[in-house]
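Visitor: I would like a close look at a single part of this protein. Please pick a place where two elements pack together, and take me through it step by step.

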Amino acid sequence: MWGSLTSFFFNYIYLNRKTITLTYFSKLEQKTKNPFSLWPLLIFLFYGFLLLSFLFFTVHDRSEKEFEKRMDPRFSNFIKVWVNQGYLKHGGMAFQYPGDQKPDQEIWRSTTLFYLQLGHVMERLYMDYRGEFSYTLLAVHNQMITMFSSCLLGFLAMRLIFKSGMPFCQAVILGLGAQTVYQTFPFNLNYIWGSTPHVTVPIFFLSFLVLEEGALTLKSDFKRNVTIGILIFLMVVNGPAESFLFLSSYYFVKMILFRDLVLPLKKIMINAFSFIGG
């Protein structure tokens with residue numbers, strides 16, 4: 001019975017593939033015309049996960065021992081100390097060894113290690129379930145960071161191309177092409193061995209640009225400003241130097257090109273960067 005139903009379902013999809021595809025893309029196209037629509041982003045997220053799976057079956061097809069041998073040991077040591085010895089006890093700082101065992105060790109004070117928090121949560125859940133640290137999972141985390149950036153880049157490219165008059169399907173294909181190039185770029189593939197702030201910060205850069213791109217034709221509102229403020233804060237916490245260069249250059253260019261659409265970024269940036277002096 002179930003086999004017959006499954007066969008009927010797939011036959012129906014195959015015979016009506018053109019109608020289903022056109023209906024789906026037409027609905028997405030209508031939603032994309034809304035400046036704040038994020039529904040088409042699901043296409044890029046789905047494709048990003050497919051591409052990530054393909055990479056781990058081909059280029060990144062390595063054993064747990066090889067990941068452990070070749071990865072930068074500092075990042076895994078940070079997470080192990082946080083999970084086994086206490087995150088709050090060590091202040092979330094870059095301790096490679098428990099503070100009680102080696103109190104004279106040198107730690108980084110120039111970074112918040114915000115870029116490792118997703119990996120920290122993933123490893124904590126895995127260690128609670130399996131009782132051991134997984135270097136393969138940390139490698140997946142490192143490549144997921146690049147995947148999220150590539151999804152946002154492809155999505156932003158699709159929106160810009162679509163607004164220029166390109167048909168929606170072609171805009172999506174070109175956006176997926178940009179996503180593929182970024183996600184499979186050799187330097188980005190090499191980040192599987194370790195993550196740094198400048199690898200994570202493009203996620204916030206591109207999220208900021210996606211919101212700004214959708215708001216160029218609309219007046220400023222409270223929700224959008226709050227969202228942008230949160231993004232800027234997270235951006236700065238992740239990488240203060242990179243964020244300052246990005247925001248200052250963006251604000252300067254926008255002030256020249258869109259003088260009548262400038263957002264109150266000055267106040268937002270002052271609030272976001274205020275924690276540096278605190």
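Guide: Read from the N terminus, the elements of the protein chain run α-α-α-α-α-α-α-α-α-α-α-α-α. That makes 13 helices and zero strands. Keep in mind that this is a predicted model.

The protein chain has 278 residues, and 41% of them are buried. Take the contacts between residues at least 6 apart in sequence: 69% of these join residues at least 24 apart. The chain exposes about 16,200 Å². Carbon and sulfur atoms supply 67% of that area.

Now to the part itself. Two packed helices are described by the angle between their axes and the distance between the axes. Our pair is helix H3, residues 41–57, and helix H7, residues 135–163. Their axes come within 9 Å. They cross at roughly 145 degrees. The crossing of H3 past H7 is right-handed.

Which residues make the contact? From H3 come Leu41, Phe44, Leu45, Gly48, Phe49, Leu52, Leu55 and Phe56. From H7 come Ala139, Val140, Gln143, Met144, Met147, Phe148, Cys151, Leu152, Gly154, Phe155 and Met158. Sort the residues of this contact by class, and you get 16 nonpolar, three polar and no charged residues.

Stop at Gln143, which sits in helix H7. Gln143 has a relative accessibility of 2%, so it counts as buried. Set aside its neighbours within four places in sequence, and Gln143 is in contact with Leu52, Leu55, Phe56, His60, Asn188, Leu189, Tyr191 and Ile192. Among these, Leu52, Leu55 and Phe56 belong to the H3 side of the contact.

Follow Gln143 to one of its partners, Asn188. Asn188 lies in helix H9, residues 186–190. Its relative accessibility is 9%, so Asn188 is buried. Not counting residues up to four places away in sequence, Asn188 touches Gln143, Thr146, Tyr182 and Gln183.

Go back to H7 for Cys151, part of the contact with H3. Cys151 is buried, with a relative accessible area of 1%. Cys169 is partly exposed, at 36%. A disulfide is a covalent bond between the sulfur atoms of two cysteines. The count of disulfides here is zero.

Ile79 is found in helix H5, residues 73–85. At 0% relative accessibility, Ile79 counts as buried. Beyond its neighbours within four places in sequence, Ile79 is in contact with Gly119, His120, Glu123, Phe133 and Leu138. The C-alpha atoms of Ile79 and Val121 are 9.1 Å apart, yet these residues are 42 apart in sequence.

The loop between H5 and helix H6, 117–130, holds one last stop: Leu113. Most residues other than glycine have a negative phi. Leu113 is not a glycine, yet its phi is positive, about 60 degrees. Leu113 is buried as well, with 1% relative accessibility.

Note on methods
Residues numbered from 1 in each chain as written. Predicted model: local features only at pLDDT ≥ 70, side-chain atom pairs only at ≥ 80, totals over all residues. Heavy atoms only, no water. Helix = DSSP H or I, 4+ residues; strand = E, 2+ residues; numbered from the N terminus. Buried < 20%, exposed > 50% of the residue type's maximum accessible area, 1.4 Å probe, protein only. Contact = heavy atoms within 4.5 Å. Areas by Shrake-Rupley, 256 points an atom, 1.4 Å probe, with all protein chains shown as cover. Disulfide = S-S within 2.5 Å. Axes fitted to C-alpha atoms, helices over the stretch in contact; angles between N-to-C directions. Left-handed = near helix turned anticlockwise from the far one by under 90°. Nonpolar A, V, L, I, M, F, W, Y, C, P; charged D, E, K, R; others polar.
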